[in-house]
Amino acid sequence: MQTNVWCEFFSEGFFGYGQKGDFQYGSIWHILPIVLLLAGIFVTYRYRKQIKSWKHEEDFRFILAFVILMAEMSYFWRLLYVGSSNPEEHNLMDKLPLQVCEWSAILSVFMLCKKSRGLYDVCFYICCSLGLIPILTPAVISRTGPGYYRYYQFWLEHILPVYGVAYMTMVHGFVSKRKMIYKPVLLLLVLGVFAISANLAYENANYLYLAANTDGTSIANLLPANIWLRAGIYACIVLAAFFLVSMALPLLRKHFGEEQTDAKNCTPSEAATKK
């Protein structure tokens, strides 16, 4: 009896699903997380020097990384109890970690903890391009508004890696280079190979949204249904997006690059020595 009540709570309660349309684009519950992200970036920019010298700065990065990790892991823990919102998806192989957002979250955890420049390059290009699409069009939470856990898990998983990249740029002066585009491209190529293989092997799999459209309104729903044609179009869009993001690098390097930051913080005698 207790087991049935337990399962019913997780299936129909806070950890379950609502009706399609429970979350609406452009609503206050869509705009609010974006506003909070922008506010966090602004506050970090405003106090970036104080944050860098703050004695608990490292602790803050670890806490941020921990929240991202818990948001990512809790997605799978929740699925073990609730299952998918799609009643046709009963196979655990349909929910493997083969989505871009999942890997950007995982890599951002290590980037924040290790202050890794290599992972920053990957996270920078992905979070500043592909990472913005689910924030603007969060199609996968069309059934879970603010009355459900999935709503909060989704936003934490998607906005915190973006904030993490902004944080490392503004506070620690991390700025990528255009030639580093090959890093996220290689990651997406490997991810794409596994995703296509899984989509072809398992009936209801839809990794990288290559096999089918999502429940909610999404840019991906405008693309052709053929998996190979859709993958080719994705590749062109991704390369174009990465190139556009790279155009902001000179501006970022001018304002946040480590050399610029060090030059502003050093004494005149130290500056003369460096010259």
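**Helix contact and pocket lining**

A: Bear in mind that this is a predicted model. A helix contact is read from the residues that meet: here C101, E102, S104, A105, S108, M111 and L112 in α5 meet E157, H158, P161, G164, V165 and M168 in α8. By class, this contact of α5 with α8 has seven nonpolar, four polar and two charged residues.

Q: At what angle do α5 and α8 pack, and how far apart are their axes?

A: Helix α5, residues 100–114, and helix α8, residues 149–172, pack at an angle of about 40°, and their axes are 9 Å apart. Because angles under 35 degrees count as roughly parallel and those from 65 to 115 as roughly perpendicular, α5 is oblique to α8.

Q: Is the crossing of α5 and α8 left-handed or right-handed?

A: The crossing of these two helices, α5 and α8, is left-handed.

Q: Turning to the second largest pocket, what is its volume, and which residues lie nearest its centre?

A: The second largest pocket has a volume of about 410 Å³, and of the 17 residues that line it, I41, C128, L132, V162 and A166 lie nearest its centre.

Q: Which helices each supply at least two residues of that lining, and which one gives the largest share?

A: At least two lining residues come from each of α2 (28–46), α7 (133–136), α8 and α11 (249–256), with α8 giving the largest share, five residues.

Q: How do the lining residues of the second largest pocket divide into nonpolar, polar and charged?

A: The lining of the second largest pocket has 16 nonpolar residues, one polar residue and no charged residue.

Technical notes:
Residues numbered from 1 in each chain as written. Predicted model: local features only at pLDDT ≥ 70, side-chain atom pairs only at ≥ 80, totals over all residues. Heavy atoms only, no water. Axes fitted to C-alpha atoms, helices over the stretch in contact; angles between N-to-C directions. Helix = DSSP H or I, 4+ residues; strand = E, 2+ residues; numbered from the N terminus. Parallel < 35°, antiparallel > 145°, perpendicular 65-115°, else oblique. Left-handed = near helix turned anticlockwise from the far one by under 90°. Contact = heavy atoms within 4.5 Å. Nonpolar A, V, L, I, M, F, W, Y, C, P; charged D, E, K, R; others polar. 1 Å grid on protein atoms, 1.4 Å probe; cavity = no way out; pocket = protein on both sides within 12 Å on 5 of 7 lines; lining within 4 Å. Points joined across faces, edges and corners; volume = space filled by probe spheres on them.
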